[in-house]
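The entries follow the order in which I turned the model around.

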Amino acid sequence: MLTDMARVLLVDDDPAILRLLEVNFRMEGFDVDAAGHGEEALALAAATPPDVAILDLMMPGMDGRQLFNRLRADPATASVPVVFLTARGRDDAMLVDGAIFVQKPFDTVDLVQTVRTLVETGLS
């Protein structure tokens, strides 16, 4: 478990995936903020900046890429490491500088380890 509880921001429009992530990250000792859409995520990030953000790439309204850009534009969240979850196969159109992509379906153990590594190394 993490010695200092790292905060992870989870954003996915699918309630089942959001709950799965929330439960797994809490069980691994993370503080969790969960949002079902981009505007909610921005409000949570503004209130308490996360140590890592996990964003669904394809969401209605503000998609993950737009949310990423808004987080990067705010000095309080500009350096937060981002992991994108995507149901699409990886292609060059998806590449976003400074982000990690994880394809759905994903292994929660691997995702938690990826986030733990980001927190421990301070990468962004």
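The entries below go from the sheet to a helix, then to charged pairs and aromatic rings.

**Entry 1: ground rules**

I note that this is a predicted model, in which local features need pLDDT of at least 70 and side-chain atom pairs count only at pLDDT 80 or more, while totals for chains, interfaces and linings use all residues. I number residues from 1 along each chain as its sequence is written, and the side-chain values use heavy atoms, with hydrogens and water left out.

**Entry 2: the sheet**

I looked up the strands, which, like the helices, are DSSP runs numbered from the N terminus (helices are H or I with at least four residues, strands are E with at least two). Five strands make an open sheet in the order 2-1-3-4-5, with parallel pairing, where two strands pair if DSSP finds at least two bridges between them. Strand 2 (31-35) and strand 5 (99-103) each have a single partner strand and stand at the edges, so one side of each is left without a neighbour in the sheet. From one strand to the next the twist averages 20 degrees; for such angles, axes are lines fitted to C-alpha atoms, for helices over the stretch in contact, and the angles run from 0 to 180 degrees between N-to-C directions.

I then followed one pairing in detail. Strand 1 (residues 7-11) pairs with strand 2 in the parallel sense over five bridges, and the bridge partner of L9 in strand 2 is D33.

**Entry 3: helices against the sheet**

Which strands does helix 3 lie across? I found that helix 3 (residues 64-73) lies across strand 1, strand 3 (52-56), strand 4 (82-86) and strand 5, and that it runs at about 155 degrees to strand 3.

Q66 sits in helix 3 and is partly exposed, at a relative accessible area of 40%; here buried means under 20% relative accessible area, exposed over 50%, and partly exposed in between, with a 1.4 Å probe and protein chains only. The C-alpha atoms of Q66 and G38 are separated by 8.3 Å, although the two residues are 28 apart along the chain.

Helix 1 has 13 residues and reaches 18 Å from its first C-alpha to its last, close to the 18 Å expected at 1.5 Å a residue (the expected span is 1.5 Å times one less than the number of residues). I list I17, L18, L21, E22, N24 and F25 as buried in helix 1. The cover over the buried residues of helix 1 includes strand 1, strand 2, strand 3, strand 4 and helix 4, where contact means heavy atoms within 4.5 Å.

**Entry 4: charged pairs**

Side chains of opposite charge can pair when their charged atoms come close. I searched the whole structure and found eight salt bridges, each being a side-chain nitrogen of Lys or Arg within 4 Å of a carboxyl oxygen of Asp or Glu.

D12 and K104 form one of them, with the closest N and O atoms 3.1 Å apart. D12 is in the loop between strand 1 and helix 1 (15-27) and K104 in the loop between strand 5 and helix 4 (108-121), so this pair ties together parts that are 92 residues apart in sequence. Is D12 buried or exposed? D12 counts as buried, at 1% relative accessibility, and K104 counts as buried at 18%.

K104 also forms a salt bridge with D56, where the closest N and O atoms are 3.2 Å apart. Since D56 is in strand 3 and K104 in its loop, the pair ties together parts that are 48 residues apart in sequence. D56 is buried, as K104 is. Elsewhere, salt bridges that share partners join R7, D31 and D33 into one network.

R26 is partly exposed at 44%, whereas E22 is buried at 17%.

**Entry 5: aromatic rings**

How many aromatic pairs does a search of the whole structure find? The search finds three, where rings of Phe, Tyr and Trp (its six-membered ring) pair if their centres lie within 6.5 Å, and planes under 30 degrees apart count as stacked, over 60 as edge-to-face and the rest as tilted. F25 and F30 are edge-to-face, 5.2 Å centre to centre with 75 degrees between the planes. F25 is buried at 1%, and F30 is buried at 2%.

The rings of F84 and F101 have centres 5.0 Å apart and planes at 25 degrees, so this pair is stacked. The pair links distant parts of the chain, with F84 in strand 4 and F101 in strand 5, 17 residues apart. Both F84 and F101 are buried, and together with F68 they form one aromatic cluster.
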